[in-house]
Structure formats: structure tokens, C-alpha cells
Amino acid sequence: VLYRSGTERVLTKFERHEANPLVPAREYPWEVAIGWTSIYRNPDTGKYQLWYQAGTGDRLAERTQDCAVCYAESDDGLHFTKPMLDFFSFEDHARTNIVLIGNGGYSYRYGNAVVVDPNPEDDSKRYKMSYFDWAGEGDDEYPGLCVAFSPDGIAWTKHPEAPLSRMAYGKGGFGTAVRFEDDTSEPWLIPMSMSDAVDSMWDPVREVYAIYGKAWIDGPDGGQFWKHAMGRIESTDFINWSKPQLVLAPNDDDPSYVEFHTSPVFYHSGRYFALKQILDRGTGGGTINIELAISRDGIEWERPFQNDHVLARSDGNLFDSGSIFTNATPVVLEDEIRFYYGAYSGGATSVTDRGHLSGVG
């Protein structure tokens with residue numbers, strides 16, 4: 001509708017489920033903090049499959065398990081069970097619900113966005129997961145996009161090539177000078193690259209896989225790592241990815257603190273929707289509220305509800321009173337849409353904080 005007298009577009013805010021958190025943290029010792037999530041409802045059986053990131057508390061000798069992917073399932077999408085599997089042990093637990101761990105190296109694995117292909121050419125790759133990790137050794141170690149495949153969403157195999165898209169990482173922190181292309185002294189300073197949150201989806205219009213996530217933009221002084229914006233890459237096979245494209249950044253109508261922590265996208269009713277994580281880095285270790293953005297083509301984005309929140313963090317000391325982590329996998333039912341999310345009572349950087357609450361809502 002271009003114009004119609006008396007017509008106004010309004011935002012319907014999400015309603016929290018009364019049983020939240022559906023999956024609380026710390027049921028097991030490897031669940032110090034539950035953050036990123038991805039969910040799939042089988043259209044034939046109605047069964048829900050949930051993958052969630054568990055920060056294990058940063059106390060292990062091996063960094064491979066600092067940030068693990070765990071698995072849960074449900075018949076109704078509200079009551080979840082955690083099957084104990086034989087893939088990975090943890091401390092004195094021989095069996096866990098951990099289904100994927102990191103490669104190790106300089107830093108740790110992050111994220112767990114799952115896309116399910118209903119008609120795969122290879123049944124062993126029906127489930128596809130994108131995540132951030134480190135790969136290689138010594139001078140050939142780089143951070144970036146990694147992927148894994150599974151026939152059932154439970155037994156995962158990492159793709160042997162990694163990273164598939166190199167991502168920027170600055171040891172120097174904010175304001176690090178942007179390196180020139182022929183400068184090999186800082187190989188992890190990659191201008192215009194994606195960052196450590198990679199939310200994948202199937203784009204039914206272009207018939208490609210697309211990842212929307214963090215993309216660092218440079219500061220007014222020319223330094224790198226100033227603010228997070230919204231970037232995009234795409235692939236036809238989930239392995240070979242395009243160059244990153246910047247599609248949306250904070251603007252002059254935003255408060256100065258606004259960053260897009262990450263922006264998971266889903267397609268519904270002829271439109272692309274982004275559940276933008278609005279980050280305030282200077283408050284409470286990085287608090288996050290959720291804003292809804294809309295696009296006709298997935299490239300040009302509108303923010304008709306700018307500075308309003310479709311899902312705001314809770315008041316008080318609740319599991320989602322600090323930061324909220326949305327995903328690209330809402331479950332569309334006949335009479336409602338269910339948006340699953342991970343959350344902390346603390347800021348986004350508090351994954352190792354054993355004093356806060358977290359869980360899946």
C-alpha cells in the first residue's frame with residue numbers, strides 16, 4: 001500500500017510464554033550460560049529439534065569445549081528433553097547432549113545456526129549448520145565461517161575446509177588501524193568482512209543460502225572495529241560463499257550507542273524480516289533488545305519501528321533481563337508464530353559469568 005487515508009502500520013509486540021524459560025541453564029555442568037539457538041519443527045511429525053549454545057564456564061584445559069552446541073527435542077515445542085548421547089563426554093559425565101565442539105586454537109567456537117533442506121541431493125547433508133571458529137595452525141590459523149552437516153540434526157560432521165569465509169579479528173581491540181591489502185603483519189584484520197555471529201537461512205526468492213550477521217564498520221578516525229552493522233553473504237551449496245556485502249548500518253536517528261549485534265533474517269508472506277539485536281555496549285556488559293526490520297528483497301532494508309522494540313529485555317533479575325539472542329528460525333503454526341530465543345540476565349559478554357541466569361524462551 002503506497003498510501004491510504006487513515007491507514008497506519010503498527011507494531012505488534014511479541015508476547016512472552018508464561019512458562020519461560022522453557023530450557024533453563026545449569027541442569028548440567030556444561031550449561032553455565034545458554035545463548036544462541038536454532039530450532040526446526042518437522043512438518044510431517046510435528047517434532048521440534050532445538051540446538052543451543054552452552055558456554056561451559058571457561059574452566060577447561062581444552063578450549064574445544066569452552067562453547068559447545070547442545071541438542072534438545074520436544075513434541076509440543078514447550079516441554080523439552082535433552083537426550084544423553086555418546087558423542088562427547090564432559091568432566092565425569094561419560095554421556096552428554098553435546099553434539100558439536102570447537103576446533104581449539106587461539107579463540108573459541110561460536111554460534112549454531114541450522115538450516116534444514118527438505119529435498120537434499122545428499123541425505124547426509126540434510127541438516128546444515130554455520131558457526132564461527134578457528135582453523136589452521138601457526139601462521140596459517142585464521143578465524144572465520146565454518147560449517148557442518150548432518151543427516152538427522154544429531155550426528156554432525158564438520159566440513160574439512162575451513163574457514164570458508166575469513167573474518168576480522170583484532171587483538172588490538174577498538175580503533176585498530178585498517179591494514180592495507182599488501183600488509184601481512186596483521187592477517188586477521190580483514191576490512192569489510194563478517195564477524196563471529198553468522199545466522200543462516202534459505203532465501204526462496206534467489207534460491208540461495210544466505211548468512212546475515214555482524215559486519216564491522218570503521219570509525220570516524222579510520223580505525224577498524226568501531227561498530228557492528230548488518231552484513232550478508234550467499235552460497236548455492238553452503239560451502240562456496242560470496243564476498244561480504246554491507247546492507248544496513250546504524251544511522252543519525254539512532255542513539256549514539258546503537259549497534260546491530262547481529263540480524264537474523266527469515267522470509268514470510270512475501271517479505272524478509274530481520275530480528276535485529278540492538279546492542280548497547282556501554283550498559284551492563286552489552287545489553288540487547290530486539291527491533292523488527294523489513295525488506296522486499298533482502299538487500300534494501302526499512303526500519304519502520306526504529307527505536308521501538310518488538311521484544312524488549314525483561315525488568316528485574318530474570319533470565320532475559322540483560323541480553324536477548326534471536327535466530328532465523330521462527331516456527332510458523334496455523335494460529336501463531338513462535339519465536340525462540342536465548343538470553344542472559346547479564347550483558348552479551350557475560351558468557352563465563354557463573355552468577356547470572358540464562359536459558360531459552
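Strands are DSSP runs of E with at least two residues, helices are runs of H or I with at least four, and both are numbered from the N terminus. Two strands pair if DSSP finds at least two bridges between them.

This is a predicted model, in which local features need pLDDT of at least 70, side-chain atom pairs count only at pLDDT 80 or more, and totals for chains, interfaces and linings use all residues. Residues are numbered from 1 along each chain as its sequence is written, and side-chain values use heavy atoms, with hydrogens and water left out.

Seven bridges join β13 to the antiparallel strand β14 (residues 208–217). Met-194 stands opposite Ala-215 in β14.

A further open sheet of four strands runs β1-β27-β26-β23, again with antiparallel pairing. β1 (23–24) and β23 (323–325) are the edge strands, each pairing on one side only. Strands β26 (residues 342–344) and β27 (residues 358–360) run antiparallel and are joined by three bridges. Within this pair, Gly-342 faces Val-360 in β27.

Next come the spaces in the model. On a 1 Å grid over the protein atoms alone, a cavity is a set of points where a 1.4 Å probe fits but cannot get out. A pocket is an open set with protein on both sides within 12 Å along at least five of seven lines. Lining residues have an atom within 4 Å of a point. Grid points are joined across faces, edges and corners, and a volume is the space filled by probe spheres set on the points. A search of the whole structure finds two cavities of 30 Å³ or more.

| Space | Volume | Lining by class |
|---|---|---|
| Largest cavity | about 90 Å³ | six nonpolar, eight polar, one charged |
| Second largest cavity | about 60 Å³ | three nonpolar, four polar, two charged |
| Largest pocket | about 790 Å³ | 18 nonpolar, four polar, four charged |

Ala, Val, Leu, Ile, Met, Phe, Trp, Tyr, Cys and Pro count as nonpolar, Asp, Glu, Lys and Arg as charged, and the others, Gly among them, as polar.

The largest cavity is lined by 15 residues, and Thr-37, Asn-112, Ala-113, Val-198 and Asp-199 lie nearest its centre. β2, β7 (110–116) and β13 are the elements giving two or more residues to this lining. The second largest cavity is lined by residues including Gly-55, Asp-66, Tyr-108 and Thr-352.

The largest pocket has 26 lining residues, with Tyr-40, Val-116, Ala-328, Thr-329 and Pro-330 nearest its centre. β2, β7, β13, β19 (265–268) and β24 (331–332) each supply at least two residues of this lining.

Two single residues complete the report. Asn-42 lies in the loop between β2 (33–41) and β3 (48–55). Asn-42 is buried, with a relative accessible area of 17%. Buried means under 20%, exposed over 50%, and partly exposed in between (1.4 Å probe, protein chains only). A polar atom of the Asn-42 side chain lies 3.2 Å from the backbone nitrogen of Thr-45.

Phe-132 sits in strand β8 (residues 127–135). Phe-132 is buried too, with a relative accessible area of 4%. The C-alpha atoms of Phe-132 and Ala-162 are separated by 10.0 Å, and the two residues are 30 residues apart along the chain.

Note on methods. Polar contact = N/O pair within 3.5 Å; in protein donor to acceptor, adjacent residues only side chain to side chain.
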